[in-house]
Structures are given as structure tokens and as C-alpha cells.
Amino acid sequence: CIRDRFNISSSINSKELKTNDAITIKLVISGTGNLKLISNPEIKFPDDFEVYDPKVDNQVRLTQEGLTGNKVIEYLAIPRHAGNYKIPGVSFSYFDIRSKSYKTLKTEDYVINVEKGAGNADQVIANFTNKEDLKVLGEDIRYIKQNEVTLQPKGSFFYGSMTYWLFYIIPALAFIIFFIIYRKQAAANANVAKMKTKKANKVATKRMKLAGKLLSENKKDAFYDEVLKALWGYISDKLSIPVSRLSKDNIEEKLRNHGVSEELIKEFLNALNDCEFARFAPGDENQAMDKVYSSSIEVISRMENSIKH
């Protein structure tokens, strides 16, 4: 059986750079387990950084112990202002079968120095000895013009008028409406785990529908990946346990605690094994894909009626 074990490392392309230069932090999660299904850790860049979506590269292969390899994630960000910044390391947790406990791995923090680069349009350059020497960039500053006073007729003051009171009444009404809606939404989302459990079958059905489309298009690798996501994602949502904390070793105990029969647990694990190994097995590929597709749909359907909360 597969024994989940992982390592994580990080690297940075530079700790000395200028504004508007790109910085790249690379995370590498390596080991044996559900590497493709692990969520990308979040790097908390400073607020002054413009952050882009990470680039992910799964470098895995199937061995006797299961899927083994690396998941490489590259994070790109651009600092917009000069200064010294600290980028905290990320934490990654998983369940270690050998020690029967959760392990948390953490990468190092990075302290970078950002110097001012060319093209910063936010700066205002001024010589206050003479107001005519003030240079304004981007039309951000205006001098107050003097000797231009507009008189108002008596009785036309803003204070005490209907418009004045509306400025108070409208925000108060908006706050009350927002508060009522928020309370209803909070009550509906009070139990996030219960909502995920209710949506588990719907999400799995959607993924299996996409897998069926990939099957008809004979896209072998994409088909097996989508079926694996459907199986692992369904159990994760149904048991309210993150995919990274699930393995073939602990899933039996979890399902057994929820009243699932030994026979059905065995069929679910067989569906996972068939999906992982069918793509590499010799023989008729279409027949193997059809078998994996039908058995996965059947086991999800039976599991929906067996898991007790």
C-alpha cells in the first residue's frame, strides 16, 4: 500500500532588486503520495507587491509504492515601492502513516531589499521657496485658488436640508439591510462541512461528466486524472477531510467510522487502484477506460447511500 511521505523546499531568484523588477519564489514538494491533488501552499507577499497566479509543474511517475516525484510551484510577484520586506515561509501539513500523526513542514523566511527603480510616477518633486517651482507629476496636486468666493442666498444652506438628512438616513437603511442579509447568509454557512457534504455528490457527478467527455475523445491521461480527482474529491468532501490528509491507509478507518461496509470500502480502494494502474497496463485501452469509468460511477453512487453522519 502507498505510504504518504513528503518533503518541501524553497528558493528565491534574488534578494536584492529594484521596483518593477520581478521576483520568483520556487517551492518543491517531493515524495510519494497524492502529489497532483495537493493544494498549492499560499505565500503571503507584502501588500505593495503585485502577485500573479502560480505556475505548477507536476513531475511524477508511477512506482511500486505509488505516485512518486515532485510538484514544482513558481510564484511571481513585482514590488511597486522601495523598502525592506519580509516574505514569510509557508507551512505544509500531511498525515504520516508510519508515526500515525500529522507532520508539518515549513520553509524559510526571506528578507529582501527593494531599491527605487526608474519610472516611478508616484513621486512629487518640490522646491518650497517658490510655489512656481513646484513640479506636479500625474496632475495629483493643485494649488488653492484665492479670492474666488461664491455667495449663497439666505435659506439655501446644506446643513438641515432634506439632502443633508438623506446622507444620514440612506447609509443607516443600507446598513440595516446589509446586516439582515449577512445574518441570513451566516446562518446558512454556519456549518461549512455540512454544506460540502451535501454538495459532494453534485461535484463528483460534474467531474465524472467531464471524464465521460474525455473518454469519448480518447484523451487517456486527462481521463484518468479527472476520475482520480472525482474519487478523492468526493471522499474528501463527504468526510470533511482535506485531500492532502487522506491516504489509502487511513481512508479505511475513516469510512468504517461512518458506517460503510467492508465490502464497499474494498470496492472503493479497488476503484482507486484500477484508475492509477490502468493507464500503464497492456491490453485494450478503450476497454480499460470503460471499466474504470463504470466502476467509479457505481462506487460513488453506492457510497452516497452508505456514509452515515
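Helix H3 gives the largest share of the lining of the largest pocket, four residues, where helices (H or I, at least four residues) and strands (E, at least two) are DSSP runs numbered from the N terminus. The model is predicted, so that local features need pLDDT of at least 70 and side-chain atom pairs count only at pLDDT 80 or more, while totals for chains, interfaces and linings use all residues. Residues are numbered from 1 along each chain as its sequence is written, and side-chain values use heavy atoms, with hydrogens and water left out.

The largest pocket holds about 370 Å³ of space, a volume being the space filled by probe spheres set on the grid points, which are joined across faces, edges and corners. A pocket here is an open set of points on a 1 Å grid over the protein atoms alone, where a 1.4 Å probe fits and protein lies on both sides within 12 Å along at least five of seven lines, and lining residues have an atom within 4 Å of a point. Of its 17 lining residues, Leu37, Ile38, Ser39, Pro242 and Ser244 lie nearest the centre of the largest pocket. The elements that give two or more residues to this lining are strand E8 (91-96) and helix H3 (220-239).

Phenylalanine 223 is buried at a relative accessible area of 0%, whereas tyrosine 293, at 21%, is partly exposed; buried means under 20% relative accessible area, exposed over 50%, and partly exposed in between (1.4 Å probe, protein chains only).

The structure holds 10 aromatic pairs, counted where rings of Phe, Tyr and Trp (its six-membered ring) have centres within 6.5 Å, with planes under 30 degrees apart called stacked, over 60 edge-to-face and the rest tilted. Tyrosine 164 and tryptophan 165 are edge-to-face, because their ring centres are 5.2 Å apart and their planes stand at 80 degrees. Of these two, tyrosine 164 counts as buried at 15% relative accessibility, while tryptophan 165 is partly exposed at 47%. Elsewhere, ring pairs link Phe45, Phe49 and Tyr85 into a cluster.

Turning to the whole protein chain, its secondary structure comes to six helices and 10 strands, and buried residues make up 33% of its 309 residues.
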